[in-house]
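Hi,

Here is the model I promised to pass on. Have a look, and my notes follow below.

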Amino acid sequence: MTFLQLLLTLRARIRVMLTIVIGTMLTALAVSLVIPKKFTAGTAMVIDVKSPDPIAGMVLPGMISPSYMATQVDIINSDRVAQRAVKLLHLADDPSFRQKWQDATEGKGELGVWLANELQKKLDVKPARESNVININFSGPEPTFVASAANAFAQAYIDVNLELKVEPARQNAAWFEGQTRLVRERLEAAQQAYSDYQQKSGIVASDERLDSETARLNELSTQLAVVQGQSSESHSKSLAAGDAGTLSEVLQNPLINSLKADISRLESKLQESNINLGKNHPQTLRSQSELASLNARLASETRKIIHSIGTAYEVSKQNESGLRDAIEKQKARLLGVSRQRDDISVLKRDVEMAQRAFEEVSLRTSQTRLESLSVLTNVIILNPAFVPTEHASPKILLNVLLSLFLGTLFGGGYALMQELANVRVRSTSDLALALKLPVLAAIPHAAAPSGRRRGRFATIFKHRSPYKPVAWKAATSSSGGARP
């Protein structure tokens with residue numbers, strides 16, 4: 001079918017088309033006026049994902065993930081938020097809603113769950129594109145209730161979002177409190193062991209005691225070296241006791257030097273007396289007696305010095321032996337102190353490690369306790385829902401326009417179906433196309449039908465349809481298949 005044939009067909013069946021279009025529009029208008037009006041109220045919320053957590057002090061990585069906003073939409077659409085909204089609206093206490101529940105379920109199930117499901121059917125949650133804003137829309141027949149329900153869902157989401165944040169923190173806080181008790185017990189046990197070992201060993205400051213014991217060992221070693229030098233010197237002098245006159249103690253002794261001077265003077269006097277008085281002279285004899293007494297005294301003093309040297313050597317050897325024993329004991333004591341220092345260092349490290357663990361666990365416990373008590377959330381209501389003054393549906397003008405489009409579509413389709421069921425020749429081109437013969441002439445209409453006004457559409461096609469349309473079957477039967 002060509003475009004001209006389509007136009008001619010629609011022109012011929014314009015009444016049917018107009019009837020269908022007008023009927024469709026009237027039906028749409030009647031339905032729009034009859035169905036109950038529905039109001040929609042909406043609230044917008046901003047979710048802050050860039051500001052750091054006020055307790056943790058950093059931006060949580062999960063909040064900046066692409067799926068975070070989708071997760072928040074799912075939370076708003078969850079049963080938990082819907083049931084919280086039911087509690088905020090106090091719907092379970094409303095007799096009318098309770099009666100609706102009785103009529104719908106015959107008292108089966110829970111009222112709160114049924115009310116939550118009913119509210120979810122009228123809820124529409126949409127995140128804004130490329131932003132952190134979520135729009136919550138609620139629809140219903142009562143404007144006051146839809147505004148209250150939208151605000152209730154926003155508040156319920158904030159409460160549930162805070163609970164989802166706080167509940168894990170509460171569980172963590174309880175676990176950390178138990179760990180804190182265990183770590184505190186370990187710290188107290190480590191401190192008690194450290195204190196008991198200090199009291200048992202008598203060590204207050206292990207480093208100071210070790211230093212004092214080391215200094216004592218060094219002092220004994222120095223004394224041993226001195227005594228060993230004295231023993232060596234005494235031993236050398238004892239070996240030289242055969243030639244006592246060469247000993248420094250003998251040479252430097254003032255008594256021996258005085259005796260030697262007296263002996264030298266008496267020898268001179270005796271020699272002079274021998275010469276002058278003779279050997280048998282009483283004075284000479286007295287001088288000899290005095291000289292013998294001085295020599296005996298000199299020999300006695302010399303023996304004393306030699307004996308003292310031997311005694312000093314013996315004393316030095318005894319001191320050396322005692323110092324050696326003292327050094328060995330000091331070494332053993334130093335090793336014991338060093339071992340005790342190692343043991344007490346281990347206990348001290350245990351105390352320090354337990355202290356650090358206790359501090360870290362205590363800090364984490366305090367943080368989780370703060371998180372469990374937190375009332376802060378990253379959700380802010382941007383625009384609360386207000387009572388709508390105009391209904392959202394039905395939209396009468398839009399419904400009428402849609403019915404006009406659909407009526408025109410249905411009317412045109414109906415006209416085409418009627419035309420295909422009963423094909424008619426409406427122009428010379430239709431006749432030439434049907435018979436596949438050229439048209440030699442066309443007889444124009446004698447006059448237009450009385451009472452009918454030619455329109456612009458008829459004027460356009462007056463030269464294309466110069467004769468009255470006839471049914472295709474009638475035309476073909478009268479011609480008998482011959483040329484017209």
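Which helix is Thr105 found in? Thr105 belongs to helix H5, residues 95-105 (helices are DSSP runs of H or I, at least four residues, numbered from the N terminus). Before going on: this is a predicted model, where local features need pLDDT of at least 70, side-chain atom pairs count only at pLDDT 80 or more, and totals for chains, interfaces and linings use all residues. Residues are numbered from 1 along each chain as its sequence is written, and side-chain values use heavy atoms, with hydrogens and water left out.

Thr105 has a relative accessible area of 18%, so it counts as buried (under 20% relative accessible area, 1.4 Å probe, protein chains only). A polar atom of the Thr105 side chain sits 2.7 Å from the backbone oxygen of Trp101.

Over in helix H6 (residues 111-121) there is Leu119, buried too at a relative accessible area of 5%. Leaving out residues up to four places away in sequence, Leu119 touches Ala82, Val86, Leu89, Leu91, Phe138, Phe145 and Phe153 (contact means heavy atoms within 4.5 Å). Its C-alpha atom is 9.1 Å from that of Gln83, 36 residues away along the chain.

Then the helix pair: H4 (residues 79-89) packs on H7 (residues 143-201) at about 125°, axes 8 Å apart. The axes are lines fitted to C-alpha atoms over the stretch in contact, and angles run from 0 to 180 degrees between N-to-C directions.

Cheers

How values were computed. Helix = DSSP H or I, 4+ residues; strand = E, 2+ residues; numbered from the N terminus. Buried < 20%, exposed > 50% of the residue type's maximum accessible area, 1.4 Å probe, protein only. Polar contact = N/O pair within 3.5 Å; in protein donor to acceptor, adjacent residues only side chain to side chain.
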